[in-house]
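Reader: Before we look at the charged side chains, could you take me through the terms, one by one?

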Amino acid sequence: MEPMKPRGRPFQPGQSGNPSGRPKGARNKATLVVEALLENEAEALTRKVIDLALEGSMPALRLCLERLLPPRRDRGVAFDLPKIESAADALAASGAVLESCAAGTLSPGEAAEVMGLIATHLRAIELRQIETGMAVLERSQKETPP
């Protein structure tokens with residue numbers, strides 16, 4: 001009976017069936033051929049797509065707009081957020097975020113991102129408080145004779 005071939009990842013990490021592999025930065029041959037064909041025609045093709053868009057071709061118009069105005073990933077949000085200098089302030093700030101989300105000023109995704117920012121800021125405040133407390137403790141130990 002033949003041994004079964006291993007399933008999943010048959011090679012050790014860093015090794016493959018082709019040890020020399022594809023060189024880093026190597027480009028796909030088809031991509032190189034297409035780029036060579038389009039190299040001298042890019043300006044004419046761009047002009048043609050713009051002309052088609054101006055004539056009312058929706059696919060051409062969509063292509064032009066996608067290139068001119070890429071989709072927005074984030075938007076600025078404006079809402080009242082109290083200053084955060086302690087855990088109690090963070091609690092008030094998270095309440096303000098929840099209220100803005102409930103009112104529709106913030107989407108649930110935006111609210112989650114802002115809450116993450118608040119949590120990160122709160123961790124920084126807590127670290128500062130720990131450092132301050134440790135510095136006070138170290139000073140008091142130095143001043144107290146053994």
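Author: Relative accessible area sorts residues into buried (under 20%), exposed (over 50%) and partly exposed in between, with a 1.4 Å probe and protein chains only. This is a predicted model, in which local features need pLDDT of at least 70, side-chain atom pairs count only at pLDDT 80 or more, and totals for chains, interfaces and linings use all residues. Residues are numbered from 1 along each chain as its sequence is written, and side-chain values use heavy atoms, leaving out hydrogens and water.

Reader: Why is Arg27 called partly exposed?

Author: Arg27 has a relative accessible area of 44%, which lies between the limits of 20% and 50%, so the residue is called partly exposed.

Reader: What makes the pairing of Arg27 with Glu35 a salt bridge?

Author: A salt bridge requires a side-chain nitrogen of Lys or Arg within 4 Å of a carboxyl oxygen of Asp or Glu. The closest N and O atoms of Arg27 and Glu35 are 2.6 Å apart, so the pair qualifies. By this rule the count comes to 3 salt bridges.

Reader: How do you know that Glu85 and Lys83 form a salt bridge, and is Lys83 buried or exposed?

Author: Their closest N and O atoms are 3.3 Å apart, which is within 4 Å, and therefore the pair meets the definition. Lys83 has a relative accessible area of 63%, over 50%, so Lys83 is exposed, whereas Glu85, at 46%, counts as partly exposed.
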